Amino acid sequence: MPLGTGVSARTSHQAQILRLLRDVGACTHAQLVDFAEIGRARLAVELDELGAAGLISHGGKSRSRGGRPSPVVELGHDLRFVGVDLGATSVAVGIANSQLDLICFEEEPSDIREGPKKVLAQVHDLIAKLVATTAVAGISGIGVGIPGPVSYRDGVSVSPPLMPGWSQYPVRDQLAREFRCPVRVDNDVNVMALGERWGGVAKGMDDFLYVKIGTGIGSAMVMKGAVYHGAAGCAGDIGHIKVTDDVPCACGKRGCLEATFGGAALARGALAAAHAGQSPVLAERLATNRELTAVDVGIAAQQGDPVAVALIRSGGRDLGRVLAGLVNFMNPPLVVIAGGVSRLGHPLLAEIRQTIYSESLPLATSNLPIVLSEIVETAGVLGAVYSASELIFSTP
Ligand SMILES: [Zn+2]
């Protein structure tokens, strides 16, 4: 099993050079002098050190634009970043090359409630399998997204609801020990937002609001190109904002957004309607599949089932109200709706849009695109490999 390469940027100039090479690709020495605002002599010293560590490679001379040909530098060809996306019911792992293109990706069913020992053993085996099949020489760093609140600083989950055994479990330190490389752990929605910014609809956007509707609901605020974590690390946790007085929530309080909308709430609503004889379509699906999920609600809505359509509308309205407040507060230039339940598509998006546009300040929504993610499956892993690269491409 190849272990970590154990190298990362040692100076702030090196960090800056590595991020530039990641973000814009190969650069000439002349471009690095300009972009990094660094003298030629200093640049030569930093590049020597980066080259010796395998973090960059020298790629010949540039085709001159009239002046002297300038040597070209690019990221080390052997850099490999691992991304891990832990979900409530699945685990996905991918490995990316130096330019953060995924060279492999695999997703498996997994139950987060089985606890960190079992789930992390599955993660370990999945990484080992992908490393072997893609002949990776060494892992540069690992990024991990975990559902629920995460202490970004300590690399642990903190009291995640419905995840027995995970609170304060040393996820970061265990993986770092197993693979002998730096590991960064963050909340899954924060990580997905970074993936959306790297390779999705928010590509290149420095500010945006990202909302994930999965089993539960969460959000991430990206500001100046980075996720805003808040004082303790739980900024963006909007699932437990109160939207009504009734409806008990899994967190123990009442009337949370997550209690009225999200995959779990849709499934509950569909089950109640099927049992009450209000929806023959949902009752039939229940009889066939023995359970109902958000997917069944989506299919029933497509078939014109009024109960399913009403469930989506009322959920979209509850979420839209919370988002209208956030839009007033943050005034983002873009809102991205993601997560498995976003696959309900246009009827849901229409309801969310209508509520935000009618309940937010006109100035905040005057030029505000509200769009669906286009990389629902891979956003988490892509964000996790980006997060790993941020760790290697920054000073300790
Ligand atoms: Zn709650």
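Predicted model: local features only at pLDDT ≥ 70, side-chain atom pairs only at ≥ 80, totals over all residues.

**Terms set against their definitions**

Me: Why is Ala 135 called exposed?
Reply: Ala 135 has 7 C-beta neighbours inside 10 Å, so Ala 135 counts as exposed. The definition calls a residue buried if 20 or more other C-beta atoms lie within 10 Å of its own, exposed if 12 or fewer, and partly exposed in between, with C-beta atoms placed from the backbone. Ala 135 lies in the loop between α4 (116–133) and β7 (141–146). Helices (H or I, at least four residues) and strands (E, at least two) are DSSP runs, numbered from the N terminus.

Me: What makes the phi of Ala 135 worth noting?
Reply: The phi of Ala 135 is near 50°, a positive value in a residue other than glycine. Most residues other than glycine have a negative phi. Asn 331 likewise has a positive phi, near 50°, and is found in the loop between α11 and β14 (335–338).

Me: Why is Asn 331 called partly exposed?
Reply: Asn 331 has 15 other C-beta atoms within 10 Å, and is therefore partly exposed.

Me: What makes Val 7 partly exposed?
Reply: Val 7 has 19 C-beta neighbours inside 10 Å and therefore counts as partly exposed. Val 7 is found in the segment before α1 (12–24). Leaving aside neighbours within four places in sequence, Val 7 is in contact (C-beta atoms, placed from the backbone, within 7 Å) with Ala 53, Gly 54 and Leu 55.

Me: Why is α14 called mostly covered?
Reply: Of the 14 residues of α14, 13 are buried.

Me: Which residues touch the most other members of the largest nonpolar core?
Reply: A nonpolar core is a set of buried Ala, Val, Leu, Ile, Met, Phe, Trp, Tyr and Cys residues joined through C-beta atoms within 7 Å. The largest has 113 residues, and those touching the most other members are Val 82, Ile 142, Val 144, Tyr 210, Leu 323 and Val 385. Helix α11 (residues 306–330) gives the largest share of this core, 10 residues.

Note on methods:
Residues numbered from 1 in each chain as written. Contact = placed C-beta atoms within 7 Å.
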